[in-house]
Amino acid sequence: MTEERRRWLAVLARAPGDELAAAVEGAGAPPCRVVRAAETGLVMVRGRAGGTGERFNLGEMTVSRCTVTDDEGRLGVGWIAGRDKRKAEAVARLDLLLQRPEGALLKARVVAPLAAAQAATREARAAKAAATKVEFFTMVRGDV
Amino acid sequence: MYVAVKGGEAAIDAARAWLAEERRGDPAVPELTLDQIREQLGLAVDRVMAEASLHDPDLAALALKQAQGDVIEAVFLLRAYRTTLPRFAGSLPVDTADMAVERRISATFKDLPGGQILGPTYDYTHRLLDFALAAEGGAVPVAPQATPGEGAMPRVLELLVGEGLMEREVPPEDESGPVPDLTREPLSFPAGRPLRLQSMARGDEGFLLSLGYSTQRGYGRNHPFAGEIRQGEVSVEVEVPELGFAVDIGDIVLTECQSVNQFKGDATRPAQFTRGYGLVFGRGERKAMAMALVDRALRAEELGEAVQGPAQDEEFVLSHADNVEASGFVQHLKLPHYVDFQAELQLVRALRAKALKEAAE
């Protein structure tokens, strides 16, 4: 469950806020309470010296977060890069819905197409990068 | 000495209004939108985010618009905004080995797993002004696509580490403590490498570029090669307390540079290569390279090398790398110093009167 949930949270965090808000509306949301209202703050991004060594603070980024709960005590959590509080709340609501029995349907209807669109964008950039890969060939002496 | 001076309110209001008008420029020319700045002046946006130490492309675009393109003023605006927000957490360390690589080159190995990927670089442009860009609405060439190769793109330096020829960068065994943070505690010296890297990551690009250049020209020479430069998106993960696991909150673009440097070896360590490290927000290759040069120069003492140049002096580098601090102290000279100057004026007059009197006697 945890791995699956990590995956859908990653997909939702990268999705356009408008699409998520529409998905929440379309899902006919069950009774759900806001535990922590959506708010914007900072995360300090860390790196490692040499990529693998000691940790250091690289710089901060804006983030928004929100937590909701339902009557059965499930928690829906939204943590996203940027300042879109509406989106953070939409992610939290969707995260909650996805954990409920009816979640499987929502996953197929909302998460899967978003994941596919994100994969396509990633692949297109990777393909452009691949086109700039250098193919070396060695000059033979005497060749011009 | 500062003395409270009153007055000038009307002049200040007028100056601000005129500034706003000048910022807008000729009203017959369409106003810039933040989307245009973010999409079409992306490298300026990246530089503002890096030096402001705050990743938010939309806010960096706004800062650039507000500052009329003055990068240091824009950095200042973003730094000021940052102080209004609470910090929720620190991220897990980003894994640059797992980057979605858009550019990756090495000057030390021609053939390497994953290959040399040029990416959208200025390196092979002719640096001739392109007058086609002066005409709007021109056709944009379509970037060709190819099938990406199978397999990973390991960090180049790890190949040398595997052979034992490159120092291994290992984290300390105990990482339960906080990561030192110069935005929370004032700097004291010796600062250590984590604070040096933080300071340089947010430091002024021009300052680091000049210092890096100075090491190449002999002020703390350390024979670098560009072992690897990589650029692309990495995901940022945050441990969320109520979940008990790390959540991926999105991607940011980073540029990383690892330099390969000589090390003669000493009593306890055999001759091997050492490294300098640069990591910056956005597509900041020049800065990442300069940072790697200066990082390695600042390791002189640790590696038993003579400290001969300013780039090797931790206190000098870290005390002067921040352009908001530097700008503030230089520009404070504009503040009224009327009383100080009166004192100096009296002193110079008195000295001159005394000299004249003595000459007359």
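Q: How many salt bridges does the rule find across the interface of domain 1 of chain B and domain 2 of chain B?
A: This is a predicted model, in which local features need pLDDT of at least 70, side-chain atom pairs count only at pLDDT 80 or more, and totals for chains, interfaces and linings use all residues; side-chain values use heavy atoms, without hydrogens and water. Residues are numbered from 1 along each chain as its sequence is written, while chains are lettered from A and ligands numbered from 1 in the order in which they are written. A salt bridge is a side-chain nitrogen of Lys or Arg within 4 Å of a carboxyl oxygen of Asp or Glu. Across the interface of domain 1 of chain B and domain 2 of chain B, the rule finds three.

Q: How far apart are the C-alpha centres of domain 1 of chain B and domain 2 of chain B?
A: The domain bounds come from an automatic or database domain assignment. For chain B, this gives domain 1 as 9–84 and domain 2 as 100–119 + 154–168 + 184–327. The C-alpha centres of domain 1 of chain B and domain 2 of chain B are separated by 29 Å.

Q: Which element gives the largest share of the side of domain 1 of chain B that touches domain 2 of chain B?
A: Polar contacts (a pair of N or O atoms within 3.5 Å; within protein, one must be able to donate a hydrogen and the other to accept it, and residues adjacent in sequence count only if both atoms are side-chain atoms) join five residue pairs between domain 1 of chain B and domain 2 of chain B, both residues at pLDDT 80 or more. Helices (H or I, at least four residues) and strands (E, at least two) are DSSP runs, numbered from the N terminus. The elements that give two or more residues to this side of domain 1 of chain B are α3 (42–52), β1 (54–55) and α5 (71–82) of chain B. The largest share, seven residues, comes from α3(B).

Q: How much area do chain A and chain B bury between them?
A: With contact taken as heavy atoms within 4.5 Å, 53 residues of chain A touch 75 residues of chain B. Carbon and sulfur atoms give 61% of the area buried between chain A and chain B, and the total is about 5800 Å².

Q: Which residue forms a salt bridge with A:R14?
A: Across the interface of chain A and chain B, the rule finds ten salt bridges. In one of them, the N to O distance is 2.6 Å, and the partner of A:R14 is B:D251.

Q: What is the bridge partner of A:E60 in β1(B)?
A: Two strands pair if DSSP finds at least two bridges between them. Two bridges join β2(A) to β1(B), and these strands run parallel. In β1(B), A:E60 is partnered by B:L54.

Q: How many residues apart in sequence are the parts tied together by A:E39 and A:R65?
A: A:E39 and A:R65 form a salt bridge, their closest N and O atoms being 2.8 Å apart. A:E39 belongs to strand β1 of chain A and A:R65 to strand β2 of chain A, so the pair ties together parts whose separation in sequence, in residues, is 26.

Technical notes: Buried area is the accessible area (1.4 Å probe) that two parts lose on being put together, summed over both.
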